[in-house]
Amino acid sequence: MALPVEEWSQCTAQCWAALEPALRERLAAASLQDTLRLASGLLRPEAEAAILRRLCRRVPAGKEPAAARFYREEGNRRFGQRQYGAAVRLYSQAASHELPDSPEVSICFANRSAALFHLGHFEVCLEDIARAEGHGYPDSLLPKVLLRKAECLLCLGRLQDATDALNVVENKIAMDGIMTNPAYQTLLKKLNQLKIKIQEKESCPQPVREACGDTQRKSEFWEENDSISGASSSLSLNFDVERGRHLVASQDIQPGQNLLKEEAFVCVLCPGEGHLLQDSSETPWDTRVTNADLYCHRCLRQLVASVPCRGCSYAKYCSQNCADVAWERYHRTECSLGALLLTLGVFCHVALRTVLLAGFAEVSRLVEWSHGSDKNFHNHETSCKHPSETPDTRTGTSSIPGCNANGQYQSSYQAVFNLLPHAEKHSPEHKFLCTLSVVAVCKHLQEAGLEAAALNQESSEKVKCEKTWGELSPELEIMAEAMLRHVLQLQCNAQAITVMQELGSGDGAVVNKKPVRLATAFFPVLSLLNHSCCPNTSVSFSGTAATVRASQPIPSGQEIFHCYGPHRCRMRVAERQELLSQYFFECCCRACLDELESDLKSVVAVRNSFRCPSCQASMQGEDMLCCSNEACAVSVSRESLSRRLQDLQQQVKKALELLNGRKADQAIKLLLKCQMDAGNFLSPEHLLMGEMEDHLAQVYATLGKWQEAARHLERSIEIVEAHHGPSSVEIGHELFKLAQILFNGFAVSEALSTIQRAEAILSVHCGPQSTQIQELQEMKTCLLELPRSVLQRT
């Protein structure tokens with residue numbers, strides 16, 4: 001959720017409507033500084049602030065021992081059902097709700113270590129055992145946990161450490177003097193079994209395998225630009241009034257060539273959609289798995305066993321180091337604001353974290369500079385992100401906004417600050433919503449005694465401020481002005497960090513993935529790229545870092561383009577133009593111009609068209625569709641066919657639920673019925689036809705019917721290729737799935753050729769070090785190591 005919850009938006013809209021017309025006019029025309037001063041007193045403690053407090057109570061982000069007990073018990077139930085992945089998630093949620101120094105948190109870690117052991121995550125299991133010991137795990141229960149530690153060490157081949165751990169367990173049991181206890185007898189039996197296993201491994205050492213993973217990784221040539229941080233030397237920074245700041249190729253660029261590598265200046269994890277854990281009944285506590293449970297809140301690394309924040313239940317990290325760094329840089333200020341920030345949306349959260357990372361001194365310097373420079377700046381750069389494919393004359397960088405005194409454009413707060421907020425183009429109502437949201441955050445900081453922490457001052461003690469609710473300190477006014485600027489900037493400059501996320505349980509032989517928005521970030525250098533509905537680059541992410549690669553040959557002098565979302569392969573020009581209106585420009589890229597100037601229908605409209613239910617010919621028209629076959633003359637309203645399409649999509653969704661519920665036979669029957677219904681009124685190249693083929697391939701793969709799975713997926717690939725092209729990243733992902741199916745089906749020659757094609761495409765879009773490329777190489781190595789006689793037969 002980028003913007004605040006709907007109830008808060010409605011509240012500010014009502015507040016705006018109740019203002020005197022003269023005040024609304026002043027607010028609409030005011031500078032950011034004056035807007036904040038005028039609006040600061042409009043957030044009334046007995047009205048708007050009270051509503052906001054009520055909304056925040058719906059988003060519990062603090063510690064809640066009752067919730068911890070519920071999640072721990074749910075985790076125990078899932079563990080008993082051998083659903084170890086679900087158990088890990090639930091134990092993690094329990095740990096995040098426990099008070100940090102309570103003995104119960106050690107039980108959460110110990111229980112989680114057991115589930116991790118069954119999942120084969122031995123290193124992480126050891127970390128959890130250490131956490132349990134460090135948090136005061138009950139002494140009487142330690143032997144069982146220490147035996148698990150020894151078994152982990154044994155599985156990792158650390159035989160001496162495993163022996164030492166067993167000696168500790170043996171000594172502890174002897175010292176307790178209760179060796180006749182039946183429970184301890186079971187432990188002793190397990191201990192002796194582990195001793196025998198260690199002796200066996202010591203007498204038959206495993207051959208050492210040479211590590212070959214790194215040697216297979218292809219090195220990517222990279223020569224960094226002297227003037228643009230993180231950019232290739234093959235790019236130059238240009239500026240003109242029409243296109244604003246933009247990047248141009250200074251030499252010929254080949255497909256797959258690295259153009260930009262940039263760490264986000266700031267990023268905030270998006271909570272994301274929740275996925276109910278299977279078989280969970282309704283409870284007072286939320287058992288959904290969201291992005292907040294799956295990824296580190298600082299580095300965005302995928303979580304196996306999260307480290308909870310000591311102060312809130314929301315922030316989770318991949319390691320104690322990440323938790324400590326986040327606390328020092330920003331989370332000590334954000335921690336108690338969790339419910340407020342979740343209510344006000346990710347944009348407001350990004351704005352706060354941006355100023356916290358920049359530091360008050362730098363924020364103050366640039367805000368003061370902007371008071372005398374904003375007018376000239378906006379006159380100088382009147383249009384941002386207005387694409388054109390005609391290169392302009394190269395200019396120096398010293399006069400380009402955002403460059404430092406040496407003419408360098410760096411991924412810095414100065415560059416972030418100089419991104420255009422377009423304050424004069426936002427609707428007055430939207431600007432008012434953003435203003436009251438920012439004021440609410442700053443007043444909460446002041447009221448909670450967090451002002452010193454927010455301003456990077458030495459004293460961060462939570463002392464109540466003597467200011468009244470209606471006033472902000474001069475320092476917080478500066479901070480609020482910068483935050484408002486950043487919230488407005490994000491509408492045009494927010495970059496979604498996406499990941500390929502597994503669908504379903506992820507325990508099948510074929511892993512099905514889809515792109516998911518993981519976080520919202522500021523990338524100052526990436527923001528230099530103008531939009532095109534048919535871009536010449538691909539952007540991929542690894543943690544908080546973005547990499548831009550050329551997706552096609554780019555001749556010297558051509559501008560570098562990035563797609564902001566509405567791609568020509570995914571929607572018609574009218575839909576694209578409507579979506580792009582949020583960026584305050586009218587797209588004039590070559591794809592839009594060609595479609596607007598042509599009398600022909602867009603490729604998307606033709607391929608996703610309806611067919612005559614009677615004779616299967618294409619349907620034509622707008623509201624009322626008529627069969628193109630004059631002999632047929634059937635006419636149907638677009639609305640009725642659209643309803644039929646929606647019903648069909650619901651049936652397909654139901655089939656996927658059956659598949660996730662391990663009811664493959666029922667899923668196949670429903671998908672085949674959907675396919676038959678779709679063939680009566682949808683174009684053969686409609687994207688839904690491809691999706692159904694893809695789902696059928698997935699179902700047959702779960703049943704181990706590899707030939708049927710490959711046949712359906714090949715049909716899906718034909719449709720995806722018709723929409724996106726033979727060298728698109730979408731085709732690369734589909735070929736990756738086909739390679740998995742052919743590999744598991746032992747179709748060696750077909751698998752090798754598919755792997756080769758998938759590698760060629762994905763290396764261009766994602767780079768040779770991407771996870772999918774590494775998996776493809778592992779499959780290829782495995783197939784090529786088969787005996788020659790087997791290769792010849794297949």
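Predicted model: local features only at pLDDT ≥ 70, side-chain atom pairs only at ≥ 80, totals over all residues.

Reply: Leaving aside neighbours within four places in sequence, E262 is in contact with S411, F523, P524, V525, L526, T544, A545 and A546. The residue belongs to strand β3, which covers residues 258–263. E262 is buried, because its relative accessible area is 4%, below the 20% cut-off. Two of the residues in the contact list also meet the side chain of E262 through polar atoms. The side chain of S411 makes a polar contact with that of E262 at 2.7 Å, and the backbone nitrogen of V525 is reached by the E262 side chain at 3.0 Å.

The nonpolar interior comes next. In soluble globular proteins, nonpolar side chains tend to be buried together. In this model the largest nonpolar core has 118 residues, and W8, L352, Y413, V441 and M479 have the most contacts inside it. Helix α19, residues 428–447, gives the most to this core, with ten residues. W8 touches L43, E48, L52, L55, L344, L433, L436 and S437, when residues up to four places away in sequence are not counted. A second, separate core has 58 residues, among them F610, C632, L659 and V748.

The buried residues of α5 are A67, A68, F70, Y71, R72, E74, G75 and R78. Their cover includes α6 (84–97) and α7 (103–118). After α5 comes R82, whose phi is positive, near 65°.

The entry gives "domain: MYND-type" for residues 296–335. Over residues 296–335 the chain is 38% helix and 10% strand, with the end C-alpha atoms 15 Å apart. The entry also gives "coiled-coil region" for residues 638–665. That span is 89% helix and 0% strand, and its end C-alpha atoms lie 34 Å apart.

The cysteines can be considered together. A search of the whole structure finds zero disulfides. C318 is buried, with a relative accessible area of 16%. C626 is likewise in no disulfide, and the nearest cysteine sulfur, that of C627, is 8.8 Å away. C626 counts as partly exposed, at 39% relative accessibility.

N680 counts as partly exposed, at 32% relative accessibility. A polar atom of the N680 side chain lies 3.4 Å from the backbone oxygen of M676. Leaving aside neighbours within four places in sequence, N680 is in contact with R611, C612, P613, Q616 and R644. N680 and Q616 are 64 residues apart in sequence, yet their C-alpha atoms are 6.8 Å apart in space.

How values were computed: Residues numbered from 1 in each chain as written. Heavy atoms only, no water. Helix = DSSP H or I, 4+ residues; strand = E, 2+ residues; numbered from the N terminus. Buried < 20%, exposed > 50% of the residue type's maximum accessible area, 1.4 Å probe, protein only. Polar contact = N/O pair within 3.5 Å; in protein donor to acceptor, adjacent residues only side chain to side chain. Contact = heavy atoms within 4.5 Å. UniProt positions renumbered as here; feature names shortened; annotations may be inferred. Core = buried A, V, L, I, M, F, W, Y, C linked by side-chain atoms within 4.5 Å. Disulfide = S-S within 2.5 Å.
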